[in-house]
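This report describes selected helices, loop residues and the ligand site of one protein model. Please consult the sequence and the structure shown here while reading.

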Amino acid sequence: MTDALHTEHFWMPFTANRQFKSRPRMLVSASGMYYTTDDGRKILDGTAGLWCVNAGHAHPKIVQAIQQQAATMDYAPVFQMGHPKVFEAASALVSIAPEGLNRVFFCNDGSEGVDTALKIALAYHQVRGNGIRTRLIGRERAYHGVGFGGVAVGGIAGNRKHFGPTLAGVDHMRHPLDIARNAFSRGLPEHGAELADQFEQRLIALHDPATVAAVIVEPIQGSTGVILPPKGYLQKLRAICDRHGILLIFDEVITGFGRLGAPFAADFFGIVPDMVVCAKGLTNAAVPMGAVIVRQEIHDTFMNNAPENTIEFFHGYTYSGHPLASAAMIATMDVYKSEGLFDRAAASTSHFEEAVHSLKGLPYVKDVRNLGLICGIELESVPGKPTARAFDVFLKCFWDKNVLIRTTGDIIALSPPLIIDKTQIDQLFSAIADVLKTQKAVPETETASA
Ligand SMILES: Cc1ncc(COP(=O)(O)O)c(C=O)c1O
């Protein structure tokens, strides 16, 4: 079957293309917690696709909403025009957004969301007559998508090194992963809140706080291997930003929509950022969509400072608030609410945590860390062959155990749909445990993962 597909034509993103094409891993359908492969196997989805199918695959209400919308109106512009679904969608999102965040700018994915938020931050200060605030601060090991803005504030060398200097005026805080002090933490790590103070004492002081427009952080750094904020760290960041008039942006592309058992990580941590970037679970990934939710005062600053009948913010995408995405999003919000999926995720976290930590002591397990329905399992790297061990586990889970996991470097990162039940949690972790128990010092598969 796969030969007939001519796999050579598709240049695959964030993939070891040659390795994949030597033995393609093809998913052909999906329902609930499972994918089905082209050879008819049911694969348990331990990653909600890419941290995005929070309500499980092919939810009938979401499918129906998309089908109906496609038949009613395929597309309408939102530049100087409108359609009811996009306004309804914005209100639906605000109904679960952190308090005070009540204006929504739509885009198509997380990368566009990040670039949009950075632009809003820069323009906001300028519109207020504070054009000196142009500096943006991100973190080491942050992933904020692949736009030039997101790559600049992101902290992953591989995502930056080929693309020149990207944005000027960006600096980075240290990431808070500290295995030496926090290994095998359950929930939030104890040590490291002082890194927020260092940020104030060193970076902000170095640049002068009056030049910093915004700080952007993922409440949990997901893509680089589940780096959790130490206790009190995010609260300190909020206070520091407040002290210096700096906007705080939470990139909640993976933490939004119930991943921690609350609508957003902002709710979980009890912090209100100035902007939240979201995508992925926004439409249960059924149609691409991203959004930036902003404080009303930020939005009103644009409205109140532009002359009448002029465009207040020069930014937008052809597909901002696309009718199909809007319909999918409204249905998704309804599913989250009517099925109580955030509470369901919260109720599953203790069983999930036990299962994660049952891996402690297995061969090559260096650390496990978890919060909500997210965990990272960090493995000892094969000397001189970073990524080889985790990628080997990934392949064996897929081919031999019918389980989909995700790896980054030598870290396994799991984020199942919120509907996962106890039996499926046990299946997921016993598959990983079985594979780890048979790990060789140097695995046969030595191809790099993304
Ligand atoms: C925190 C974060 N921000 C931004 C993005 C980029 O989102 P997208 O791939 O939809 O552009 C991701 C993707 O994983 C992410 O995890």
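## Helix α5

Of the 18 residues of α5, 13 are buried, so the helix is largely enclosed by the rest of the structure. Buried denotes under 20% relative accessible area, exposed over 50%, and partly exposed the range in between, with a 1.4 Å probe and protein chains only. Helices (H or I, at least four residues) and strands (E, at least two) are DSSP runs numbered from the N terminus. The model is predicted: local features need pLDDT of at least 70, side-chain atom pairs count only at pLDDT 80 or more, and totals for chains, interfaces and linings use all residues. Residues are numbered from 1 along each chain as its sequence is written, and side-chain values use heavy atoms, with hydrogens and water left out.

Helix α5 comprises residues 110-127, and its end C-alpha atoms are 25 Å apart, in agreement with the 26 Å that its 18 residues should span at 1.5 Å a residue. The expected span is 1.5 Å times one less than the number of residues. At the start of α5, a side-chain oxygen of Asp 109 comes within 3.2 Å of the backbone nitrogen of Ser 111. Just after the helix, Gly 129 adopts a positive phi of about 80°.

## The ligand site

Residues around the ligand include Asp 109, Gly 110 and Ser 111, together with Tyr 143, His 144, Gly 145, Glu 218 and Lys 280. The shell divides into three nonpolar, five polar and four charged residues. In this classification Ala, Val, Leu, Ile, Met, Phe, Trp, Tyr, Cys and Pro count as nonpolar, Asp, Glu, Lys and Arg as charged, and the others, Gly among them, as polar.

An oxygen atom of the ligand is 2.9 Å from a polar backbone atom of Gly 110, and a ligand nitrogen is 3.5 Å from a polar backbone atom of Tyr 143. An oxygen atom of the ligand also lies 3.0 Å from an N or O atom in the side chain of Lys 280. The protein covers 86% of the 380 Å² of accessible area that the ligand has on its own; such areas come from the Shrake-Rupley method with a 1.4 Å probe, and for residues only the protein chains shown count as cover.

Leu 247 is found in strand β8 and is buried, with a relative accessible area of 4%. Leaving out residues up to four places away in sequence, Leu 247 touches several residues, including Ala 121, Tyr 124, His 125, Val 215, Met 275 and Ile 298. Contact here means heavy atoms within 4.5 Å. The C-alpha atoms of Leu 247 and Ile 216 are 8.4 Å apart, although 31 residues separate the two along the chain.

Thr 255 is located in the loop between β8 (247-251) and α11 (265-269). This residue is also buried, at 1% relative accessible area. Its side chain makes a polar contact of 2.9 Å with the side chain of Glu 252. A polar contact is a pair of N or O atoms within 3.5 Å; within protein, one must be able to donate a hydrogen and the other to accept it, and residues adjacent in sequence count only if both atoms are side-chain atoms. Beyond its neighbours within four places in sequence, Thr 255 is in contact with Pro 219, Ile 220, Pro 263, Phe 264 and Ala 265.

## Helix α13 and positive phi angles

Helix α13 has 16 residues (323-338) and reaches 22 Å from its first C-alpha to its last, close to the 22 Å expected. Because 13 of these 16 residues are buried, α13 is largely enclosed by the rest of the structure. Gly 340 follows the helix and has a positive phi near 55°.

Most residues other than glycine have a negative phi. Ala 58 is placed in the loop between α2 (48-51) and α3 (60-72), and at 46% relative accessibility it counts as partly exposed.

Technical notes: A residue is near a molecule or strand if one of its heavy atoms lies within 4 Å of it.
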